Amino acid sequence: MKKTFLIVCACLLTMLGGRAESKSAGGGFTRDDYAGIIDISLTPTGQEKQIGCFTDQGAWMGFTLPGRDKPAGGFCGPFSINGRWWFAKSALSLMAGGKPLPHERADYVPGKIGLCLKADDGCVEEQLLFADSRTALLHVTNTGRRQLTFSALEPHRALTVRKEGNHLVLGGLPGETLMLTFPPSAELRVAGNNYTATLPPGLGEADIVVSMLLPGDRQEAQRCYANSLLGNYRACENDNLARWNGYLNKVLRPDMPTDYNRVAVKAVTTLVSNWRCLRGGLLHDGIMPSHAVGYFVGCWAWDCWRFSAAMASFFPELAKDNIRVMFDYQQSDGMVIDCIYVDPRENNARDSKPPLACWAVDRVFEATGDTAFVREMYPKLLHYYRWWYRHRDHNANGICEFGSADGTLEAAAWESGMDNAIRFDGAKMLHNGGAAWSIDQESVDLNAYLAYEYTLLGKFAALLGMAFDEPDLRGKVADYFFDDAEGYFFDRRLADGRFVREPGCEGYLPFWTRIATRAQWLKARRLLEDPRKFATYIPFPTIAADNPKYDANGYWRGPIWLDQTYYAIEAFRNYGEPRKADGYTRRVFDRLQGLSGDAPIYENYDTFTGRPLQASHFSWSAAHLLLLYERYGKK
């Protein structure tokens with residue numbers, strides 16, 4: 001009967017749609033050496049603009065560690081990453097004398113958080129990890145063997161509570177239901193929108209399961225699965241440790257400085273923390289730019305390509321789904337739209353994003369040798385590649401422009417990914433016919449990306465034994481955009497062909513994609529190594545630092561974006577100067593504030609100080625830190 005029960009639970013879990021990760025092989029590095037990897041201490045007040053939390057396995061809920069001077073009697077949360085609300089300040093709070101127990105220690109290692117709560121007769125140790133995309137498991141060790149009573153600390157005012165056997169179902173909030181599963185020996189009572197759950201006195205250890213059910217989930221299946229986890233924390237912890245050690249041992253290098261290894265671990269942790277399982281309009285699992293801010297809870301095209309490129313080496317299955325999640329919305333004409341959300345009504349199809357999808361697929365292929373995935377993606381990639389020349393080449397000269405589907409410059413600038421870049425100051429829109437518009441300038445970065453996509457499409461076609469007869473425009477791109485007078489790459493105006501002489505990060509791209517000549521490299525290198533322009537304290541800003549339009553906090557008008565810095569550093573490696581590439585990498589790893597400490601990874605950074613800017617817990621920056629780490633010391 002017991003065997004039958006477990007089989008039924010496994011089947012029901014599959015019906016829920018959660019991803020069950022297989023164990024990864026162990027190695028020389030362990031996640032337990034990276035305690036305090038990111039500071040996620042936050043006792044919520046409801047006024048927070050950014051909420052970085054502990055989350056894993058693609059879950060849509062997260063937890064924080066209570067602030068030192070703001071005890072919560074347990075972990076804070078859960079927090080709804082999609083709804084942006086707290087179910088309670090702490091859904092599982094231990095109280096004494098009407099006040100939440102204070103804590104004397106709180107910690108976060110990749111994949112697990114811990115608390116030591118102070119009690120009169122000893123301490124209560126808590127550990128929490130995720131068993132799957134719906135389920136967190138709390139393990140309680142009661143060293144004093146006191147009677148423990150849990151309740152919700154400051155529950156959400158809309159919360160409703162009902163008892164179902166050894167489960168408490170917390171509803172009343174749109175789209176998500178919370179369920180707390182206690183040991184059968186616990187005494188459960190409901191009062192209004194709160195509860196008490198009392199464990200028997202003398203109980204040394206106990207497991208409590210926290211489940212978030214999404215629309216369409218079967219509550220009876222989750223009850224079954226939650227019950228099967230009670231008393232099985234050690235097995236879950238072993239699986240969790242093996243999975244995380246597997247990630248790290250596929251990434252970390254024994255020849256790297258300790259601090260650089262810590263940066264790599266933080267980058268892996270950031271990417272996995274931004275993993276969300278399929279839900280609603282997200283038809284595959286995907287990686288979001290940042291769970292910490294509500295406007296980034298979606299999937300963006302070129303963001304996804306970057307994340308998959310970085311994750312291919314340590315989590316290739318998720319990297320594949322993270323590519324698929326955007327192609328699920330590929331338009332009939334081949335366009336891959338800008339961004340998608342749980343609610344498809346919020347999707348943005350006004351523009352696309354720079355074409356890096358072939359790069360992402362190639363990174364997956366090189367890591368896995370999975371030709372079936374290449375075969376699956378190839379026709380979609382080719383359709384997308386052709387879309388650019390059909391819809392974004394105003395004068396049909398084989399050189400493309402960024403544009404939009406609605407004729408607005410705003411959406412066209414979004415399509416470039418560099419929303420407020422100075423190179424678009426004064427630009428205008430041109431109608432290409434139908435729902436196709438172009439900016440009145442041809443962009444060097446776009447065409448350098450397309451040249452690289454062409455190379456990779458040819459590689460895929462040969463791998464699959466397919467004909468590939470697209471026109472080869474690669475030789476044209478570098479010469480077309482290189483300004484011999486200035487010795488740098490610039491966009492060009494369509495009307496008269498003049499260069500948009502605002503030296504910026506778009507000029508790095510021909511060197512990353514290796515379409516620039518050696519002579520062009522030697523000329524442009526003078527600008528790249530000029531400390532007044534690009535070789536700044538943190539190297540390779542979005543525009544030359546001596547430009548009068550430079551703005552230290554100007555989004556794409558000054559700060560460091562690590563993808564662009566990565567392109568420039570790789571340029572030195574690509575053109576035979578690996579020692580200089582490593583020197584610039586050290587500037588990044590050594591000088592970004594908080595990077596090797598416990599600060600989260602941020603969206604961008606101040607060029608002259610390394611001060612973090614914009615959104616925290618940012619996947620984009622994490623991905624390129626991993627790519628810089630991977631390439632450090634290589635020719």
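Start by selecting α14 and α15: α14 passes α15 in a right-handed crossing (right-handed if the near helix is turned clockwise from the far one by less than a right angle, left-handed if anticlockwise). This is a predicted model, in which local features need pLDDT of at least 70 and side-chain atom pairs count only at pLDDT 80 or more, while totals for chains, interfaces and linings use all residues. Residues are numbered from 1 along each chain as its sequence is written, and side-chain values use heavy atoms, with hydrogens and water left out.

**Stop 1: the helices around α14**

Helix α14 covers residues 562-574 and helix α15 covers residues 578-591 (helices, H or I of at least four residues, and strands, E of at least two, are DSSP runs numbered from the N terminus). Their axes are 7 Å apart, and the packing angle is about 155° (axes are lines fitted to C-alpha atoms, for helices over the stretch in contact, and angles run from 0 to 180 degrees between N-to-C directions). That angle makes the two helices roughly antiparallel (over 145 degrees; under 35 is roughly parallel, 65 to 115 roughly perpendicular and the rest oblique).

Show side chains next. On the α14 side of this contact you will find L562, T565, I569, F572 and R573, while α15 brings P578, K580, A581, D582, Y584, T585 and V588 (contact means heavy atoms within 4.5 Å).

**Stop 2: the open sheet**

Move to the sheet of 8 strands, which is open and antiparallel in its pairing, in the order β5-β6-β7-β8-β15-β12-β11-β10 (two strands pair if DSSP finds at least two bridges between them). On average, neighbouring strands are turned by 20° against each other, direction ignored.

Zoom in on β5: 6 bridges join this strand to β6 (residues 112-119), running antiparallel. Pick H103 and you will see L117 of β6 opposite.

Then select helix α2, residues 219-229, which packs on the sheet and touches β7, β8, β10, β11, β12 and β15. Its direction makes about 160° with that of β15.

**Stop 3: cysteines**

How many disulfides does the whole structure hold? The search finds 0 (the test is a pair of cysteine sulfur atoms within 2.5 Å). Take C76 as a case: the closest cysteine sulfur, in C53, is 11 Å from its own, too far for a bond. C76 is buried, at a relative accessible area of 0% (buried is under 20%, exposed over 50%, partly exposed in between, with a 1.4 Å probe and protein chains only). C236 is buried too, at 14%.

**Stop 4: backbone exceptions**

Most residues other than glycine have a negative phi, and most peptide bonds are trans. Select G77 and P78 to find a cis peptide bond, with omega about 10°; P78 sits in strand β2 (residues 76-80).

Next comes E154, a non-glycine with a positive phi of about 50°. E154 belongs to strand β9 (residues 149-155) and is exposed, at 52% relative accessibility.

Finish at F540, where phi is also positive, near 70°. F540 lies in the loop between α13 (518-528) and α14. Is F540 buried or exposed? F540 is buried, with a relative accessible area of 0%.
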